[in-house]
Amino acid sequence: MYELTKACITVIFIYSSIGISVFGQETQTRPDSLIRQLEEITIEAKSIKKKLEDSPFAVQVLDMRKEYSHSGDITNLLNHSLGVKTRADGSLGSSVQVNLAGLQGKAIKVFKDGLPIELYGHSFNLGTISSNMLERIEIYKGAMPVYLASDALGGGINLITRKPIKNSAVFSYELASYNTHRATANLFITHPDRTSAYTGINASFNYSDNNYPVHAPFYDVSTARQSYHTTKRFHDIARSSYGEWYAGLRNKHWADDLRLTLIYSDFYKQIQNDAEMVRVYGEAFSKENNYATLLSFRKVLFENRLQLHLNATYSHFNTRFVDTATVRYNWNGQVQSSNMPIGEINRGNDQRLEFHLYSTRLHAKYAIASQQYLELSNLQQYQHRKGTDPLGTISVLDQIDILGIPAVYRKNVLALAYNAQWLQKTVESIFSIKYYKYKTTGYTTDKYNFAWQSSKKGDLFGYLAAVKWDNDSFLLKLSYEFANRLPDEYEIFGDGVMLKENLDLKPEKSHNVNLNIQQRLLISKQQLDFTANLFYRRVKDIIFLQLDIPFNRYINYEEFNIKGVEVETRYSPNPHISGGFNLTYQDIRRINIRESMFRNLEGSRIPNIPYFFGNAFLSLSTANLYKKKDRAHFQWNLNYVHRFFLKAIPRNQEPSLFGPVQDFQTSLIIPRDGRPGQVANDLALTYDFSSKKTSISAECKNIANAKLYDNFNVQRQGRTFHLKLVYQII
């Protein structure tokens, strides 16, 4: 600390001596001797990335400032990270799920600047966000920081947007296969005379025809036979736009930062097929328009002992789902049946929903003693949903549209934590307790479509403990958490179409244990990093979608037992070359099956979840290639996903990891063509011009044009080409 203080004082003295005044007045000419003295000063301070990764939580931080030339959305970057598997139902615009430590879907929460991402609408999600929009990505596996005040069951992802401190204007445009276009704009301006005032714009646009080739089923009516042929998707256009304007004041005596943000976004998506690519649609679509207002306040009080952060958010969403076709299509886009009942997907829908969402979050951190802190966080959410669907469910008793009955959902998560550092900061511990409370009010229907008002409320506690030991190049972390996830509005109230409501849903519960080991070796310019994660999950009352006729609904169904390991090694012989690999194995098993007819599946793997996957990567760079200070960068990535089962099979019938698959099992696995797994190779070349204002990148994804699948049997894009330009005006 003494050396750091001494260095800072020396810097201020030199600056005031060489013509760079600390009080805004120009001084005399800079002598060379003082410049040399300034160059010798080194100030070491932990970056935000380093501070987060050194915390007791099992967290990985991706520095997006190094990825601004990366094409596509951020799902590819996440997919290359240790222990992360992103899964989509198609290409651009499709919903994206994240698998972390054996849990996925709604068990993994996603945030934007610490606030739940659902407050921003569908246009700001993992499948539409470009790397240019973010400063960093925080990936939490298991326990999460108190300030997020989350009811995540197995971890989460926090997307931190760009926060410049000086004037800047950056634009990017990307052109890719299948008429795909992506554009972003980031603008930040401070007042020329009053640097405390600032304003800015963050905006993005995405469009794609998504008309890539797929291996699809064709049904011959005359012979009643089904065969597979390669054809192009013809009804899968996706379009999204997102724009936010913000203005604020900073460094005032009454506020360190006060910011108002206004957001508008819209989203349009055609629907091509069902979850298993068996049924094909040609006219159904969904769209939405969203508005949001955010107010943020930050202040440090009592000689830096108390940190306060307050957020208030209001969001208004208008969504529409249209399925009114009276014809049926085949995979060639041809009409094969006419004068059919209304609706390709179901029994016809012209659904309109209106959502009002209110959210507030308070976070306070107080230093009660040297290296000891108390942390308090409280998140409140209120959601009101009302809509219409003349083709949807009508109450027999009242003859009213079920969606016309307001569905109200309230949630509150309160967290309190004690954080302390010991033994000259080599040991850090966190103890936290959470209180969850929720209340729902809506409607309940029976099989005869009689509907009546009903409500439910509940509360429960959760807790966590985490500790880390840091010995310079060696880091050891251990955490335990009893986590809860509250059922959300969609799971409780359904959609009024194919999904029935269930107000009797109970929160999911999980005991989570994480052990994290990190080792770094430095020899001259060489650097070797090793990371290993061991994790265990015991999940109860998991919320499961029960398929039924004519309606589906979410129920509390199964218990899971999850054990897994993740390892990663990175090696860099010099600053211009780096490479490595990572592997993840997660054993996810069903336990304590209550239904006698399914007890033969006791101990079986959970279907449709990859359990063995990994990556390999190599990075090369060179400077001063054509001009001084220019830079070229080459990147290769390999992604591997081992075969996994679409349906549950008894444990004693499972093949070994790399063993042969029996004939009757081939139709139950992905991929089903005899490959042991799916392999995708990506190549990227980036050139940064010497001016540091322009960069251009060319990328080829899935070079071998391999058939890739994520959820069930939905095929993803094959080989794609991407060209991206990033230009910094200011």
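Is Met277 buried or exposed? With a relative accessibility of 3%, Met277 counts as buried, where buried means under 20% relative accessible area, exposed over 50% and partly exposed in between (1.4 Å probe, protein chains only). Met277 lies in the loop between strand E14 (257-270) and E15, and has a positive phi of about 55° although it is not a glycine.

This is a predicted model, in which local features need pLDDT of at least 70 and side-chain atom pairs count only at pLDDT 80 or more, while totals for chains, interfaces and linings use all residues. Residues are numbered from 1 along each chain as its sequence is written, and side-chain values use heavy atoms, with hydrogens and water left out.

## The chain as a whole

The secondary structure of the protein chain consists of five helices and 37 strands; helices (H or I, at least four residues) and strands (E, at least two) are DSSP runs, numbered from the N terminus. The radius of gyration is 27 Å, close to the 27 Å that the globule rule gives for 730 residues, so the chain is as compact as a globular protein of that length. That radius is taken over C-alpha atoms, and the globule rule is 2.2 Å times the number of residues to the power 0.38. Along the principal axes, the C-alpha atoms fill a box of roughly 90 × 55 × 50 Å. Buried residues make up 53% of the 730 residues. Of the contacts (heavy atoms within 4.5 Å) between residues at least 6 apart in sequence, 65% join residues at least 24 apart.

## An open sheet and the nonpolar cores

Five strands form an open sheet with mixed pairing, in the order E1-E6-E7-E4-E5. Two strands pair if DSSP finds at least two bridges between them. Strand E1 (59-63) and strand E5 (115-116) stand at the edges with a single partner strand each, so one side of each is left without a neighbour in the sheet. Strand E4 (residues 109-112) pairs with E5 in the antiparallel sense over two bridges, and Phe111 stands opposite Pro116 in E5.

A nonpolar core is a set of buried Ala, Val, Leu, Ile, Met, Phe, Trp, Tyr and Cys residues joined through side-chain atoms within 4.5 Å. The largest such core has 49 residues, of which Met64, Ile74, Leu78, Tyr120, Leu134, Ile137 and Leu159 touch the most other members. Among the elements that give two or more residues to this core are helix H4 (75-79), strand E6 (134-141) and strand E7 (155-161). A second, separate core of 14 residues includes Leu460, Leu503, Leu505 and Tyr554. Leaving aside neighbours within four places in sequence, Tyr120 is in contact with residues including Lys112, Leu115, Tyr242 and Phe317.

Eight of the eleven residues of strand E9 (residues 180-190) are buried, so E9 is largely enclosed by the rest of the structure.

| Strands | Sense | Bridges |
|---|---|---|
| E8 (residues 168-176) and E9 | antiparallel | nine bridges |
| E9 and E10 (residues 197-208) | antiparallel | ten bridges |

Arg182 in E9 is the bridge partner of Glu174, and Ser204 in E10 is that of Thr184. The hairpin of E8 and E9 has three residues between the strands, and there Tyr178 takes a positive phi near 65°. A hairpin through six residues joins E9 to E10.

Asn210 has a positive phi of about 55° although it is not a glycine, and is buried with a relative accessible area of 0%.

## Other individual residues

Asn582 belongs to strand E30 (residues 577-591) and is buried, with a relative accessible area of 1%. A polar contact of 3.0 Å joins the side chains of Asn582 and Glu568; such a contact is a pair of N or O atoms within 3.5 Å, and within protein one must be able to donate a hydrogen and the other to accept it, while residues adjacent in sequence count only if both atoms are side-chain atoms. The Asn582 side chain also reaches the backbone oxygen of His80 at 3.3 Å.

Gly142 is placed in the loop between E6 and E7 and is buried, at 2% relative accessible area.

Pro671 lies in the loop between strand E34 (669-670) and strand E35 (677-688). A cis peptide bond joins Ile670 and Pro671, with omega about -5°.
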